[in-house]
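Hi everyone, thanks for coming. I'd like to walk you through one structure today, so let me put it up on the screen.

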Amino acid sequence: MANPAAAIEHHGHTPTTTGLDHRKVAIWAFIGSECMLFASLISTYLIYKGRSVTGPFPHEVCSPPVCDHVMKPILNIPVTSVSTFVLLMSSLAMVLALAAVENADKPKHSLSEKILGSSKLWLFMTALLGTTFLGFQAFEFTSFVHEGLTIRTNLFGSSFFTLTGFHGAHVTAGVLWLVTLLAIDIRRGLKPKDAVIVDIAALYWHFVDVVWIAIFTLVYLIH
Amino acid sequence: MATTAAAPPYVATREASNTGLWSWITTVDHKRIGALYLVTALIFFLIGGIEAEIIRLQLMQPNGTVVSAYTYNELFTMHGTTMIFLAVMPLSAAFFNFLVPLQIGARDVAFPRLNAFSYWVFLFGGLFINASWLLHAAPDGGWFGYAPLTTMQFNPGLNIDFWVLGIQILGVSSLAAAFNFITTIINMRAPGMQLMRMPMFTWMAFIVQFLLILAFPVITIALVFLQFDRFFGTQFYELAAGADPLLWQHLFWIFGHPEVYILILPAFGLVSEVLPTFSGKPLFGYPVMVYSGMLIAFLGFGVWAHHMFAVGMGPIADSVFGVTTLLIGIPTGVKIFNWIFTMWGGNVRFTVAAKFAIALIALFTIGGISGVMHASPPADLQQTDSYFVVAHFHYVLFGGSMMGIFAGIYYYYPKITGRLMSEKLGNWHFWLTFIGMNLTFFPMHFSGLAGMPRRIYRYDAGQGFTTYNEISSWGAYILAVATLFFVWNFVRSRKRGAVAGHNPWNAPSLEWSIPSPPPDYNYAVIPTVSSRYPLWDHKGAVVEFHEGEPIKTARELGIPMPFPTIKPLFTALFMTLMFTGLLFIHKNNWPMAYTFMFGGAAGMVASLYSWLLSPLE
Amino acid sequence: MAHDSAADHVTHSDHVAMGEVKEHPTWSTYWKVAVILTLITACEVWIYYIPSFVAGHLFVPTLLILSAAKFAIVVMFYMHLRYDHKLFRALFTGPLIIAMVTIVALLFLFGHLAIHAT
């Protein structure tokens, strides 16, 4: 296989200059780029924090005359704590899925080895937990709208929905990616040589998770 | 954008037919994609040039009547947007595509189909943004699109919609290409091609890709806010809602300043290839050139607010950004001196390429010096938004980027086509460009200091701007003539230029060891590199091509080539259609909006899956 | 840059032998990391509900440190940066630093982190 560019898409082990897979180098560069994307969103949220001229507000009560009627702080910390936990656990499921693919060839004897070594189970769990997180987000968004906060209401609404919405869109893309991998796994079984395609999905997934770690603190907890 | 699914095992060695329209729209060959970029970007360069000529026609006399204020706004906005996003950036991309794999001794880029995708997105994005002319609704908010002036309240037409969506589309192209080239340069260097042996152009290309991946997300988000404000009623730039009018400016310039280096560093790289060859000497201070490039890029993220001194950020911010801006002058100055020392004591051959390269040194220095003047906030307050600034950035972008790119075109044309461009026509092109460019832009320093503001479509006879503007306009007409010489030379040399041979300039780097034009697989045997100038040092396992030797096909050599594919084109097309759907929202045509948006999105996802699940070769 | 030399180009396994790419950790490590992440999250939410702590000066720094710790743990263990090639570390930390400096600079410029002369 003389063409390294082409070859790498078939075998993870064809020599490249660094010995690393092209796709893994590219996904890390992509993640670096995403840092700036979320930095812009987060900065805007923080810059506009406390500058809305009308309620509802994230952490403060809004009373007349600023608002028509008294509005409670809108962020629901208990619910978001649970969804944060769900997303963290999805990262655990994701690493277990990758480990299962990396060790797909090793014989499994005990039941626990079989469970831990099932890439299908853990890919499914990751996608399920990701979907659960999205469900929480959908619940949060609709309840905000019922309480009178939309993307048009005030600066908080605009920056909050855009920031968390962008994150949600990333989770959605990740879920689709995971479902695709699951479909491939079910159809032909993922082998250790396929580890890299799970690895790049995993890196993306964990990155989306760490972005949420930052958002949870900066948006929800700090006030 | 990496492949998400494993491809089936290697099937067969198939050869693409390499002629005809179909072969061009399905190509995944980095050299052909480079050629597509080159020709497309040159056409956009001509369009942007025509816009500039109309601007100069309007300003030639006081109270010009050639165009209305509205059209004038469209013209200067589209001139800037076209030259930056559709001419200089893709011209640089043409060289990244053509040269980077050749210079590092690779057979293609890391992701050939993603590369084709980048090109098609660029083409469709360029067509999209220019389609606005057909509706006489071309963007008219300046290339910087300052919000809140570009919000619905102040600019309710489709003009800004075209601009916002067009830049968004073009951003996808640049980002996809950047991930591709970062991976290519890190991972596809030939044996022995250590980082510090890479040709300087590849180094500058490498640095620019990092600027791209870090700067473009910021403009993406600023544009998303503007898009949401315009289409969905968010309040990011709504002053009555408490929004800050500086938010856009900060986000824009966090992108905008690195963008300046995205425009100039590739030209620096090209000149660093041209000058050593025509001086017959290695590049002076190679490591310092690399480190100064990195330093320029790094500092480039810490100077953005010098575009905003006039908004009143306070003494601390002004001082910090003033100082970082002055600091950036140091590595840039280092580069200027290194080029001069490269020529010093060399046996300089004054070819057209060399002349353009030397012109870059001189003209960029002038632009650089006026740039350092802006670094001082008090001086900047006098110069900002005046023609002095217009003079400054045309010296760095025309005198710098375009001169470097012309040098690159004359230098690499024989490698791309196998034929030399005419030196005689080239000399006409060079001297007319050099004279025309200085006549156009040098008087702008004076009209600017005399108080002529940018972006005005008329001035009065008694304001003291008349003579300067007249000279500028005559300069611009000379530039138009010069460009005609270039176009003629470019077109005629394709068939009638002298046959070049594989190394017409006696150049030192790897790309000159293979036939011109190179075969689709580039290197029959991947070279082993053991020096920075393999063809001069005759070290390492670099086999130079001998003229007259038969060039074998990939099949004869058993080199598997990637399949041509139309899927990246479809993915790009559907993505553009998806963005187009948003335009209908402002016409309240929701059925069309939904059809385009959801149809485009579905088509894009479908062609993306089909692309990623099909084998590369 | 050892991994750039011609010799390294030949075989991939050399890199592993040189210890540049360590083996990924095992299941038990992953579970332990998950427990730690859960505990930190619980801790974050817990201090959010202590009014006296929220009123104090330490509230914001504590939360920032806790989330930075979580961020670092996920990146090091789940994204394997602790084990993988140093190139990946550079590709991630470089942009991350520029991103964080940009956020801080913007907060200064918009007066959220004013420098107080007094």
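How much area is buried between chain A and chain C, and what share of it do carbon and sulfur atoms give? Before I answer, please keep in mind that this is a predicted model. The area buried between the two chains comes to about 4600 Å², and carbon and sulfur atoms account for 78% of that.

Now, who takes part in the contact with chain C? Chain A brings 55 residues and chain C brings 47 residues. The rule finds 1 salt bridge across this interface. Here are the partners: the side chains of A:Lys24 and C:Asp84 meet with 2.5 Å from N to O. As for polar contacts, 3 residue pairs are counted between chain A and chain C, with both residues at pLDDT 80 or more. On the chain A side, two or more residues come from each of α2 (22-48), α3 (77-102) and α7 (195-221). The largest share is that of α3(A), with 14 residues. Sorted by class, this side of chain A has 33 nonpolar, 16 polar and 6 charged residues.

On to the other interface, the one between chain B and chain A. Here 49 residues of chain B touch 50 residues of chain A. Together the two chains bury about 4300 Å², with 65% of it on carbon and sulfur atoms. This interface also comes with a count of 1 salt bridge, and that salt bridge joins the side chains of B:Asp244 and A:Arg51 at 3.1 Å, N to O. Polar contacts here come to 15 residue pairs, again with both residues at pLDDT 80 or more. From chain B, the helices α5, α6 and α7 each supply at least two residues of the side that touches chain A. α6(B) gives the most, with 10 residues. The classes on this side of chain B are 35 nonpolar, 9 polar and 5 charged residues.

How many cavities of 30 Å³ or more does a search of the whole structure find? The search finds 8. The largest cavity has a volume of about 200 Å³. Its lining is made of 18 residues, and B:Met89, B:Pro90, B:Ala93, B:Ser173 and B:Ser174 lie nearest the centre. Three helices of chain B, namely α3 (69-103), α5 (159-187) and α6 (200-232), each supply at least two lining residues. And which classes line the largest cavity? There are 14 nonpolar and 4 polar residues, and no charged ones.

The second largest cavity holds about 120 Å³ of space. It is lined by 14 residues, and the closest to its centre are B:Pro199, B:Met200, B:Ser272, B:Glu273 and B:Tyr533. Helix α7 (residues 246-279) of chain B gives the largest share of this lining, 4 residues. By class, the lining has 9 nonpolar, 3 polar and 2 charged residues.

Notes. Residues are numbered from 1 along each chain as its sequence is written. Chains are lettered from A and ligands numbered from 1 in the order in which they are written. This is a predicted model: local features need pLDDT of at least 70, side-chain atom pairs count only at pLDDT 80 or more; totals for chains, interfaces and linings use all residues. Side-chain values use heavy atoms; hydrogens and water are left out. On a 1 Å grid over the protein atoms alone, a cavity is a set of points where a 1.4 Å probe fits but cannot get out, and a pocket is an open set with protein on both sides within 12 Å along at least five of seven lines; lining residues have an atom within 4 Å of a point. Grid points are joined across faces, edges and corners, and a volume is the space filled by probe spheres set on the points. Ala, Val, Leu, Ile, Met, Phe, Trp, Tyr, Cys and Pro count as nonpolar, Asp, Glu, Lys and Arg as charged, and the others, Gly among them, as polar. Contact means heavy atoms within 4.5 Å. Buried area is the accessible area (1.4 Å probe) that two parts lose on being put together, summed over both. A salt bridge is a side-chain nitrogen of Lys or Arg within 4 Å of a carboxyl oxygen of Asp or Glu. A polar contact is a pair of N or O atoms within 3.5 Å; within protein, one must be able to donate a hydrogen and the other to accept it, and residues adjacent in sequence count only if both atoms are side-chain atoms.
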